Amino acid sequence: MQKTATNFLPDQYESTQKLGINHNYLPEQFADMDAILAKVREVVVQGDFTLGRAVDRVEERYAALQGAKHAVGVNSGTDALRLALIACGIKQGDEVITTPYTFYATIGAIVTVGARPVFVDIGDDYNIDPSKIEAAITPKTKAILPVHWSGRPCLMDQIMAIAKKHNLKVVEDACHAVQATFDGKFTGTLGDVAGFSFHPLKNLNVWGDGGILVTNNAEIADKVRLIRNHGLIDRDHCAEFSFNSRLDTVQAVVADHLLNKLDNITATRIRNAHALDAGLAGVRGVKPPPRDPRIKEVFHLYCIEVERRDELQKFLISRGIDAKVHYPIPMHLQPAAKDWGYKVGDFPRAERLCGNVLSLPVHEFIRPDQTAEMAARIKEFYA
Ligand SMILES: Cc1ncc(COP(=O)(O)O)c(C=O)c1O
């Protein structure tokens, strides 16, 4: 029988709290919460709870941050992708090419606009393999949805060339990839439009759910501004019946506060990842993805392929290191994908990665002694 979905999952929040080197850093991150609460107080006094001043501020700052013309705040990264697809004209019966190695929300966004995801295997960089995309294009294909997994941009030069040749839209899943660049260009300006998440464990996060969409295309931005807010042109006129997917003003206050810290957050994640790369170099049994000089990765996750993954994970947890698997089952083999006819073996690279991949904590509160400790314990395991 199918399990019922529940709200609070104590395990999700509490099970790893005893570990010394943890993925979860939220209590530390919001140690200065009084500064945010003071700004939330202003929202209460002003009463601009929906699409208030802080939303405007975050949209302006985020567009500037990503070097884009427009940013539109919405209620989650999932809705950023969903509304982006709708604004690109994707509808019932269309096909959208994407990766089987991602978080459920990427696929949920495609499915809930009525389209069908068509999977293409990944390359060595864990992202969609551009050399396999053209074979998956059919007359129904309308868009490509590349996912910049863990904050590493996809090979966007190749993806955009294919999109141009076949007249396809490109919606970037940049939920992991704020401030990441490919050939010096920021995510969100590489394709037609990109969705970003402000979920609590993302690089730029809020106190619940939130997201933002970035584009250089004024038509897409205008359409999303309309459909995130009931399709209203003004209080008394509705252009099309639509969603309520606004970014909360209170959450925008939190995002605005964290935008001041983002350069440091990103730089520290990169520093930690480079320290892990150096510490793990040459360790038999460990294979980080290739690092590409054209790409600035922002390390939402630090993912590596490892031998005897499940044993290593247990070993690291027993030594106080919160090693996690993001994620063990690719999208085409999920129960929710059963009607699409995929089977084991269809995407060998993604399937292998799901069996081998391990993520180590890399966030801004991880110290150099902790990256050294993680590398030392992994070496010990394989010695
Ligand atoms: C790759 C990816 N895409 C989309 C999302 C959806 O973001 P949100 O949780 O803000 O809806 C996530 C969130 O975890 C994600 O990891």
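Of the 383 residues of the protein chain, 45% count as buried, a value that, like the others here, comes from a predicted model. The secondary structure of this chain comes to 13 helices and 15 strands. Its radius of gyration is 21 Å, close to the 21 Å that the globule rule gives for 383 residues, so the chain is as compact as a globular protein of that length. Taken along the principal axes, the box that the C-alpha atoms fill is roughly 70 × 55 × 50 Å.

Among the strands, E12, E14 and E15 form an open sheet of 3 strands, in the order E12-E14-E15 and with antiparallel pairing. Strand E12 (286–287) and strand E15 (357–360) are the edge strands, each of which pairs on one side only. The pairing of E12 with strand E14 (residues 302–306) is antiparallel and extends over 2 bridges, and here lysine 287 stands opposite glutamate 305 in E14.

Turning to the ligand, 15 residues lie around it, of which Ser76, Gly77, Thr78, Ala105 and Ser197 come nearest. Helix H5 (77–87) and helix H6 (104–112) are the elements that give two or more residues to this shell. By residue class, the shell around the ligand divides into 9 polar, 4 nonpolar and 2 charged residues.

How values were computed. Residues are numbered from 1 along each chain as its sequence is written. This is a predicted model: local features need pLDDT of at least 70, side-chain atom pairs count only at pLDDT 80 or more; totals for chains, interfaces and linings use all residues. A residue is near a molecule or strand if its C-beta atom, placed from the backbone, lies within 6 Å of it. Helices (H or I, at least four residues) and strands (E, at least two) are DSSP runs, numbered from the N terminus. Ala, Val, Leu, Ile, Met, Phe, Trp, Tyr, Cys and Pro count as nonpolar, Asp, Glu, Lys and Arg as charged, and the others, Gly among them, as polar. The radius of gyration is taken over C-alpha atoms; the globule rule is 2.2 Å times the number of residues to the power 0.38. A residue is buried if 20 or more other C-beta atoms lie within 10 Å of its own, exposed if 12 or fewer, and partly exposed in between; C-beta atoms are placed from the backbone. Two strands pair if DSSP finds at least two bridges between them.
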